[in-house]
Amino acid sequence: MNSIFTIHLFTTIFMCGLCWFVQIVHYPLFRAVRIADLPQYEQKNFVTGYVTVPIMTVELISGIWYLLMFHDTIFIYNIVLLGIIWGSTFIFQVPIHLKIARSPTPQLINKLVTTNWIRTLGWSIRCGLLADMVLN
């Protein structure tokens, strides 16, 4: 197995697992925090970026690098899904987190949980595509 592919596979599996944790445990816990305390809670939550941003960046770079090197057709779907995940992150999740940090509402929390399904399913499908590449 190519080392670039191995790095990409590892980062994708890591992010898929992390995203499921966020979807099922972390984001729903926002509902357990008093609305008045959410801005402070959200400020502490920003530390999550120290984990996610480097891994997502390595995942993106390794994915583009692999695609440019091997032009694998199934991998094109993988990169399209990765683009959707990044798009969702910057169109939905980041702006919602910033709004929650300023003026939280239960509707924003629900929107955060709901829109995060885009990323959760995207990473899950990507893991399946990459698994298919490993097995075939």
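**Salt bridges, helix geometry and a nonpolar patch**

Arg34 and Asp37 form a salt bridge, with their closest N and O atoms 3.1 Å apart. The model is predicted. Arg34 is exposed, at 56% relative accessibility. Asp37 is partly exposed, with a relative accessible area of 31%.

A search of the whole structure finds two salt bridges. Glu59 and Arg126 form one of them, and their closest N and O atoms are 2.5 Å apart. Glu59 belongs to helix 3 (residues 49–70) and Arg126 to helix 5, so this pair ties together parts that are 67 residues apart in sequence. Glu59 is buried, at 0% relative accessibility. Arg126 is buried too, with a relative accessible area of 0%. Both values fall under the 20% cut-off for burial. Side chains of opposite charge can pair when their charged atoms come close.

The side chain of Thr12 makes a polar contact with the side chain of Glu59, at 2.9 Å. Thr12 is placed in helix 1. Its relative accessible area is 0%, so Thr12 counts as buried.

Helix 1 covers residues 3–29. At 1.5 Å a residue, its 27 residues should span 39 Å. The end C-alpha atoms are 37 Å apart, which agrees. A bend of about 45 degrees occurs in helix 1 at Val22. At the start of the helix, a side-chain oxygen of Asn2 comes to within 2.6 Å of the backbone nitrogen of Ile4.

Helix 4 spans residues 73–102 and has 30 residues. From first C-alpha to last, helix 4 reaches 44 Å, close to the 44 Å expected at 1.5 Å a residue. Helix 4 bends by about 40 degrees at Thr89. Its N-terminal end is capped by Asp72. A side-chain oxygen of Asp72 lies 3.3 Å from the backbone nitrogen of Ile74.

The surface carries a nonpolar patch of about 720 Å². Trp20, Phe21, Ile24, Val25, Leu29, Trp117, Leu121 and Ile125 make up this patch. Helix 1 and helix 5 (106–135) each supply at least two of the residues. Helix 1 gives the most, with five. Leu121 lies in helix 5. Leu121 is partly exposed, with a relative accessible area of 44%.

How values were computed: Residues are numbered from 1 along each chain as its sequence is written. This is a predicted model: local features need pLDDT of at least 70, side-chain atom pairs count only at pLDDT 80 or more; totals for chains, interfaces and linings use all residues. Side-chain values use heavy atoms; hydrogens and water are left out. Helices (H or I, at least four residues) and strands (E, at least two) are DSSP runs, numbered from the N terminus. The expected span of a helix is 1.5 Å times one less than its number of residues. The bend at a residue is the angle between axes fitted to the seven residues ending there and the seven starting there. A polar contact is a pair of N or O atoms within 3.5 Å; within protein, one must be able to donate a hydrogen and the other to accept it, and residues adjacent in sequence count only if both atoms are side-chain atoms. Patches are made of residues with over 30% relative accessible area and no salt bridge: like charges are joined within 9 Å, nonpolar side chains (Val, Leu, Ile, Met, Phe, Trp, Tyr) within 5 Å. Accessible areas come from the Shrake-Rupley method with a 1.4 Å probe; for residues, only the protein chains shown count as cover. A salt bridge is a side-chain nitrogen of Lys or Arg within 4 Å of a carboxyl oxygen of Asp or Glu. Buried means under 20% relative accessible area, exposed over 50%, partly exposed in between (1.4 Å probe, protein chains only).
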